Amino acid sequence: QVRRRLADPLTATLADAREWARLTVVSNPDEVVVSLVTPDRSGPDATGPPGDWDDDSDGGRVDRLYERDGEIRWAQTRWRR
């Protein structure tokens, strides 16, 4: 469940990307951070921005962050033990 909550929001954003994308994964025993940067484009997000997910019930909290500024889109998921 934690892996899906880390990957699924970024998969949707990646599917909407055009031209290029940069995916970064950083981990240690107590935390995994996955971030995605893609070019922004005009119009709404095809998939909608991800929201926060605070469910600790199955292995730890997964937070989601999302920003866009007209030039890039940045999405990040973070699991903490």
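Leaving out residues up to four places away in sequence, Q76 touches L10, V33, V34, S35, D63, R64 and L65, where contact means heavy atoms within 4.5 Å. This is a predicted model, so to speak a computed picture throughout: local features need pLDDT of at least 70, side-chain atom pairs count only at pLDDT 80 or more, and totals for chains, interfaces and linings use all residues. Residues are numbered from 1 along each chain as its sequence is written, and side-chain values use heavy atoms, with hydrogens and water left out.

- Q76 sits in strand β4; strands (E, at least two residues) and helices (H or I, at least four) are DSSP runs, numbered from the N terminus.
- With a relative accessibility of 11%, Q76 is buried; buried means under 20% relative accessible area, exposed over 50%, and partly exposed in between (1.4 Å probe, protein chains only).
- T77 is in strand β4 too, and is buried at a relative accessible area of 1%.
- The T77 side chain reaches the backbone oxygen of L6 at 2.8 Å. That's a polar contact: a pair of N or O atoms within 3.5 Å where, within protein, one must be able to donate a hydrogen and the other to accept it, and residues adjacent in sequence count only if both atoms are side-chain atoms.

**Salt bridges**

- A salt bridge here is a side-chain nitrogen of Lys or Arg within 4 Å of a carboxyl oxygen of Asp or Glu, and by this rule there are 9 salt bridges.
- R81 pairs up with D30, the closest N and O atoms being 3.1 Å apart. R81 lies in the segment after β4 (72–80) and D30 in the loop between β1 (22–28) and β2 (31–39), so this pair ties together parts 51 residues apart in sequence.
- R81 is exposed at 67% relative accessible area, while D30 is partly exposed at 47%.
- E31 and R80 form another bridge, with 3.6 Å between the closest N and O atoms. Since E31 is in strand β2 and R80 in strand β4, the pair ties together parts 49 residues apart in sequence.
- E31 is partly exposed at 22% relative accessibility, and R80 is partly exposed at 37%.
- E31 and R80 also sit in a salt-bridge network with R61, D63 and R78.
- R68 and D40 meet side chain to side chain at 2.8 Å, N to O. R68 is in strand β3 (residues 61–68) and D40 in the loop between β2 and β3, 28 residues apart.
- R68 is partly exposed at 31% relative accessible area, whereas D40 is buried at 12%.

- E19 has a positive phi of about 75° although it isn't a glycine. Most residues other than glycine have a negative phi.
- E19 is in the loop between α1 (2–15) and β1, and is exposed with a relative accessible area of 79%.
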